[in-house]
Each structure stands twice: as C-alpha cells, then as structure tokens.
Amino acid sequence: MTGDVWALVHIERAALIEDLAQFTDDQWGHPSLCDGWTVHDVAAHLVDVAHTTRLGFMAALAKARFDFDRQNADGVKRWRGSTPQETLRRLRAAAPRTSTPPAPLDSRLVEEIVHGEDIRRPLGVRRPYPKDAVARALRLQTRTPAAFGGAKQAMSRIRLTATDFDLTLGFGGGAEVRGPVLALLLAVSGRQAALDELDGPGVAALANPVAR
C-alpha cells in the first residue's frame, strides 16, 4: 500500500538524518560508494530526490538534455549547501515530503536504502534495516533495467537467494547468488562493495557491469 511505502521511507530518512548529525566535517567529505560523489554529495542528492515531482523530473531531464547523470549532478549542485549543516537542515526540512518522480513508488525505498548504504558503508556505520523493506526494494531492482540502475537483464541468467530472509528471485535454473538480502540489493544496484558478502556461481554476473 502507498501509505506503507511512505512510512518506511520516512523511517529511513529519519535514521539517516540521525547518523549524518553525528558526522564530522571530514566524514561528510569522505568518498561514498557512488563514484565521484562524497557523503555530502549523496546527502544533497537525497534532498533533491525528496523534492522531485513527476513534472519537475521531466523538466529537469529535458534541461539536462535527457542525460540522467547530468540531471543528478544538477540536482546535487542545486541542493548542496555551503556547509554540511546547511545541507542537513535542507534534508530535515524535506524528509516528510511524499513527492515522487514518474517511477514505481517502491523506487523511493531503493533510493533511501541504497544511498543510505552509499553513505554509511565507507564510514563503517551499520544500520539494521527492516528486512521486509530491503526485500521490497530488491524485488523492484530485479525488474529494473540496468540503464536505470537495476539488474533486469542479469535476472534471466541468475537466481538470488537471501540467507537471512525468506526470499528467492530469478530464473529457476539460473546460476545462484546467495547472501544477506541487503548485500543482494546493493549488488543488483551496482555496488561492488557488497560482492564480498555473496557467494555462488552467479556472482560473476553481478560483478561484471556489462553482464548486468
């Protein structure tokens, strides 16, 4: 249900804000799991995500000449404050919002959980995410094309089996990938840092961006 998704999204936003409030300026400047982005950049992106509407998304995409990477970079530039504290204030103000781009609503969970890990993992911060929320995000990512950050193409060749949650996804005869549900979500979202937590003959398909 729609309300359930937003409740989960708001929980994740609040948890990340609490973590970010404890970070030093050096930690805000630390590289994230997103290539070329610092923790500060990812936080600014999440402010942009929270403000994005369906019409606003299309307008921003057109302005970026239909280049998604450029659109995201423009959003970071727009919402990144001159200090971490300013960006954190903007994230707090945006956290209760329920606006969304023209995408499945569960994509909001993907944004909050995956980007939450983009920030936390490089700094050694751990969060016990609700596994049902992670599983919901994972289901969507397995149906999302690689061009949009998912692993739809790879799912025709592999099978995902969560070792800490009752969930199996993918082609029945495909090469199996086993591991924690959060690591599976990160791997299908292109985060190489999670691959060490996985095993099985299908891991190579997730490790190779072309194969994904």
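This is a predicted model: local features need pLDDT of at least 70, side-chain atom pairs count only at pLDDT 80 or more; totals for chains, interfaces and linings use all residues.

Author: Helix H3 (residues 39–51) and helix H7 (residues 107–120) have axes that come within 10 Å and cross at roughly 165 degrees.

Reader: ok, what does that angle say about how H3 and H7 run to each other?
Author: Angles over 145 degrees count as roughly antiparallel, and H3 and H7 are therefore roughly antiparallel to each other. The crossing of H3 past H7 is left-handed.

Reader: which residues make the contact?
Author: From H3 they are Val-39, Val-42, Ala-43, His-45, Leu-46 and Val-49, and from H7 Arg-108, Glu-111, Glu-112, His-115, Asp-118 and Ile-119. Sorted by class, the contact of H3 with H7 has six nonpolar, two polar and four charged residues.

Reader: new topic. Glu-12, buried or exposed?
Author: Glu-12 counts as buried because its relative accessibility is 2%, and buried means under 20%. Glu-12 is part of helix H1 (residues 2–20).

Reader: what does its side chain pair with?
Author: The side chain of Glu-12 makes a polar contact of 2.8 Å with the side chain of Arg-127. Not counting residues up to four places away in sequence, Glu-12 touches Glu-112, Ile-113, Arg-127, Tyr-129 and Pro-130.

Reader: and Leu-8, where is that?
Author: Leu-8 lies in helix H1. Leu-8 has 17% relative accessibility, so Leu-8 counts as buried.

Reader: what does Leu-8 contact?
Author: Leaving aside neighbours within four places in sequence, Leu-8 is in contact with Leu-109 and Ala-133. The C-alpha atoms of Leu-8 and Arg-108 are separated by 9.4 Å, with the two residues 100 residues apart along the chain.

Terms used. Residues are numbered from 1 along each chain as its sequence is written. Side-chain values use heavy atoms; hydrogens and water are left out. Axes are lines fitted to C-alpha atoms, for helices over the stretch in contact, and angles run from 0 to 180 degrees between N-to-C directions. Helices (H or I, at least four residues) and strands (E, at least two) are DSSP runs, numbered from the N terminus. Angles under 35 degrees count as roughly parallel, over 145 as roughly antiparallel, 65 to 115 as roughly perpendicular and the rest as oblique. A crossing is left-handed if the near helix is turned anticlockwise from the far one by less than a right angle, and right-handed if clockwise. Contact means heavy atoms within 4.5 Å. Ala, Val, Leu, Ile, Met, Phe, Trp, Tyr, Cys and Pro count as nonpolar, Asp, Glu, Lys and Arg as charged, and the others, Gly among them, as polar. Buried means under 20% relative accessible area, exposed over 50%, partly exposed in between (1.4 Å probe, protein chains only). A polar contact is a pair of N or O atoms within 3.5 Å; within protein, one must be able to donate a hydrogen and the other to accept it, and residues adjacent in sequence count only if both atoms are side-chain atoms.
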